[in-house]
Amino acid sequence: MKKLITFIFFLLIFACKSEKEYQLSDDIKSELRKEAKTFMDSLKSVLVYKIQTEGIVSAVNVCSDTAQILTENYSKSKNLSIKRVSLKNRNPKNVPDDYETKVLKLFEELFADGNLSPEVENIELITENSTKKVRFLKPIFIQAECLNCHGQEAQILPEVSNIIVTKYPQDKAINYNFGDLRGAISIEKVIK
Ligand code: HEC
């Protein structure tokens, strides 16, 4: 009898624990979705504002510095790590890690089959070096204004090209078309 009670007790603890984890991951899902959207919206509004007020050439400089500053500040203020990554990166800081590479390749496969909608996301609770974390990735697509700096060579102004080549001699982020998969927004949050 005593054994049975102990067994039921442990069963209950186990049930409560997995219930809690499920709840937690559900809350985090909506939190990370919101963070990803706010971050991408703020980045895009800075970009559009700069293109409209100062023109595309000065927007390149702004883009290259501001994007990184925004990324770092946003991450610090929200106590998570948020960045943009791409298999065809421009900035060496945006090279994907192993996990991001795996997901980006999956996104590419879905895209090639015509199954990558903007709603697709990858969210997973993982343990890395005995740290529990949530990893969230969502695809980024090429829109019209992106072609100024990521489009076919003929679409990019020579002045813009010059700045890009000088700042990023290893640039891989050109020759995209409207609607192409450009990369992903990647968030990492440690769970305590
Ligand atoms: C004015 C030029 C310019 C425009 C317009 C522009 N980008 Fe970029 N983009 C850059 C530069 C410069 C970088 C590298 C600096 C950074 O952000 O880290 C970059 C980096 C990126 C990255 C990070 C990965 C990497 O390659 O380093 C993504 C993703 C990206 N751009 C997507 C977009 C999308 C989507 C649009 C359109 C909404 C866009 N860009 C419009 C200049 C531009």
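**View 1. Strands β2 and β3 form an antiparallel pair.** Seven bridges join β2 (residues 122-128) to β3; strands are DSSP runs of E, at least two residues, numbered from the N terminus. Two strands count as paired if DSSP finds at least two bridges between them. The model is predicted: local features need pLDDT of at least 70, side-chain atom pairs count only at pLDDT 80 or more, and totals for chains, interfaces and linings use all residues. Residues are numbered from 1 along each chain as its sequence is written, and side-chain values use heavy atoms, without hydrogens and water. Ile123 has Phe136 of β3 as its bridge partner. In the hairpin, two residues lie between the strands. Asn129 takes a positive phi near 50 degrees there.

**View 2. β3 also pairs with β4.** Nine bridges link β3 to β4 (residues 181-190), again antiparallel. Phe136 stands opposite Ile187 of β4. Eight of the eleven β3 residues are buried, meaning under 20% relative accessible area (1.4 Å probe, protein chains only).

**View 3. Arg135 is buried in β3.** Arg135 sits within residues 131-141. It counts as buried because its relative accessibility is 1%. Its side chain makes polar contacts with the side chains of Glu100 (3.3 Å) and Glu188 (3.4 Å). A polar contact is a pair of N or O atoms within 3.5 Å; within protein, one must be able to donate a hydrogen and the other to accept it, and residues adjacent in sequence count only if both atoms are side-chain atoms.

Notes: Helices (H or I, at least four residues) and strands (E, at least two) are DSSP runs, numbered from the N terminus. Buried means under 20% relative accessible area, exposed over 50%, partly exposed in between (1.4 Å probe, protein chains only).
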